Amino acid sequence: MRTRALLLSAACLTGGLLALPTTASAAPSGLAGDFNGDGYRDVAIAAPAATVGGKTWAGQVVAVYGSSTGPNPAKRTVISQNTSGIPGAAEKDDRFGDQIATADLNRDGYSDLVIAAQHEAVGSKEDSGTVVIVWGSKSGLSGGTTVKNPQPLYGSYFGLSIAAADFTGDGKPDLAISAQSDTGSNPYRIRLIRGPFAKSGSTGSVSSYTPGVDKPGLTAGNVDKDARADLVVTGQQTNKDVLAAARYYKGTASGLSKASTNLRAGTTAAIGDLDGDGYGDIALGNPDEPDTEPSGSKGGEVSVVYGTSSGPSASRRTTLTQSTAGVPDAAEYGDRFGEAVAIGDLDKDGRADLAIGAPGETFGDDTLYLPSAGALTLLRGSASGVTTTGAVFLTQDSPGVPGALEGGDRFGSRLLTSDVDRDGRADLTVIADNENDGSGAAWHLPGAATSLYSTTRSASFGPTKIGLSSKQNGAFGSALTG
C-alpha cells in the first residue's frame, strides 16, 4: 500500500480532446489501425456491456479516429449489430465486442475492424459465437461481413479470442480465432482462417490446432524476425481451474507450428522489440496470487522472454514483480500487477518500452483508504533488454494525468500502445474499467522522450463523450485495438 501523501499532486485537466476532424488523403495510408486512411492510427474501444435498442449487454464498439493531438472523441463511429450494414441484430447478452482486432483483411489500404461476440446464438445454438469484419474506407468504418464459424455448436464460443496478422507470409493477413470444439480431451481449438477476405464472405482455407490450453487468449507478433507473424497463446492449463499457461506458435508458409518448449505461465501477453535487436520479445502477465496460482508471485508478475532467430529464448528470460529492485512501489496482495501489458517505443529511441497495469493497486492510510484505485508502471527498453532504470509509476494523481485518485477505479485494467498522433512515438491508451462506479474511462497518454509520457498533452474521456451510455457495468474497454 502506498500513502497518498507521497504521491505527486495531479495537474487536473477538465476537457477531452477537441481536435478538428482531419481530411482523408486521396490514397489510404496503409497504416495498421488506420480505418479511414488519413495517416493517423485510430483507437477502437470495446463496450460489450452496452445496452442497444433496450437489450442489455448487447454490446457496441467505438472507433475513435486519430488526429495530430491524439484520439478525437468528436470524430468517431459507434458500431453495434443494429448498425446499418452490420450482420445480425442486437440481442440481450450477446456481448458484441468482447474481443476485437484489426488488419487490412481485403488489402485495399484501409485497416478493417474484427469484432467477436462469443455469446451470440446461431440458430437455436446458444453461445455459439460470431465474428464480424467491419470494413475500413475513406469515410471510416462501415458495412460488415460475417466470418463463417467452421463448427457452430451450442457453447462453442467462436471468437473467444482473435488475432489478426499474416501468419503464412504470403502478404494476405489471416485470422486466428479460438473456440470450443466437440472433439478431443481438450475441447479448445484455434482456427487459422487464411486470407484474403472479401466482402462477399469468401476466405482462404481453414486449419485447426489444439493448443493444450483452456480459454486460449491470442496475441500476434513477430518473434523470430522472419516474414511471418507468430502467435502467443495464453490461458489456463487443461483441466485446471486457475493454473496459468502460455504456448508459442511459429508462423510458417503452411500455417502455425507449435513449439515444443512452453513459455512461463501467463494470462495476458504483448510482443515487441525491447532491446532493439530486431527480434520480438514476449511479455507475459500473471496477476494472480501464488496461493491460487502457484507459478505466480505475490501481487502479480510479468515475465519477459527475449526473441531469437529460432523463436523465444530458452535461457534469456526474466521475471519482474513490484519487489524487483528498481520497480516502483512494493508487491502487495491484490495489486494484480500484470493484468494488462503493452509494448511500444514511447520515447522514440529505437527500443520498445514495457507498460504494466496493476488495477488492484491500493493507496491510503488510516484516514483515507483507496482500494483498487489502480496504477501503471512504465519500464524502459535498452540494449540489454527491459531495465528498471528510470522507471515511471503513474496513477490519476501523477502530473498531467487527468482525474483524481479514487478507490475502485481500476486504472490500468487494459492497455494499448500505438502512435495515434503520428509523431514517431508510441502513445498509451489506458482504461480504468470501473471509473465513476462502473462507467469506465479511457486516457490518452502521448509518448515522450524523457518521462515516457507527456505531462502536458494527456487527456481522458468517458463513454458518454464517445456516444455511449454511462451504464457500462465495468466492461468499458474490455478490449482495445488500433
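**Notebook: an exposed lysine, salt bridges and a sheet**

I began with Lys471, which counts as exposed because its relative accessibility is 62%; in the terms I use, buried means under 20% relative accessible area, exposed over 50%, and partly exposed in between (1.4 Å probe, protein chains only). Lys471 sits in the loop between strand E29 (459-461) and strand E30 (480-481), where helices (H or I, at least four residues) and strands (E, at least two) are DSSP runs numbered from the N terminus. I then looked up its separation from Gly285, and found the two to be 186 residues apart in sequence and 29 Å apart in space, C-alpha to C-alpha.

I noted that this is a predicted model, in which local features need pLDDT of at least 70, side-chain atom pairs count only at pLDDT 80 or more, and totals for chains, interfaces and linings use all residues. Residues are numbered from 1 along each chain as its sequence is written, and side-chain values use heavy atoms, with hydrogens and water left out.

Next I turned to salt bridges, each being a side-chain nitrogen of Lys or Arg within 4 Å of a carboxyl oxygen of Asp or Glu. By this rule I have 14 salt bridges.

I looked at Glu339 and Arg336, which form a salt bridge with their closest N and O atoms 2.5 Å apart. Glu339 counts as buried because its relative accessibility is 11%, whereas Arg336, at 27%, counts as partly exposed.

I also checked Asp347 and Arg380, whose salt bridge has its closest N and O atoms 3.7 Å apart. This pair links distant parts of the chain, 33 residues apart, with Asp347 in the loop between strand E20 (340-344) and strand E21 (353-358) and Arg380 in strand E24 (residues 375-380). Both Asp347 and Arg380 are buried.

For Arg410 and Asp433 I found a salt bridge with the closest N and O atoms 2.9 Å apart. Asp433 counts as buried, since its relative accessibility is 9%. I saw that a network of salt bridges links Asp288, Arg336, Glu339, Arg410, Arg414 and Asp433.

Last, I followed an open sheet of 4 strands, in the order E16-E17-E18-E19 and with antiparallel pairing, where two strands pair if DSSP finds at least two bridges between them. Its edge strands, each pairing on one side only, are strand E16 (268-272) and strand E19 (311-320). Between E16 and strand E17 (residues 281-286), which run antiparallel, I recorded 5 bridges, and the bridge partner of Gly272 in E17 is Asp281.
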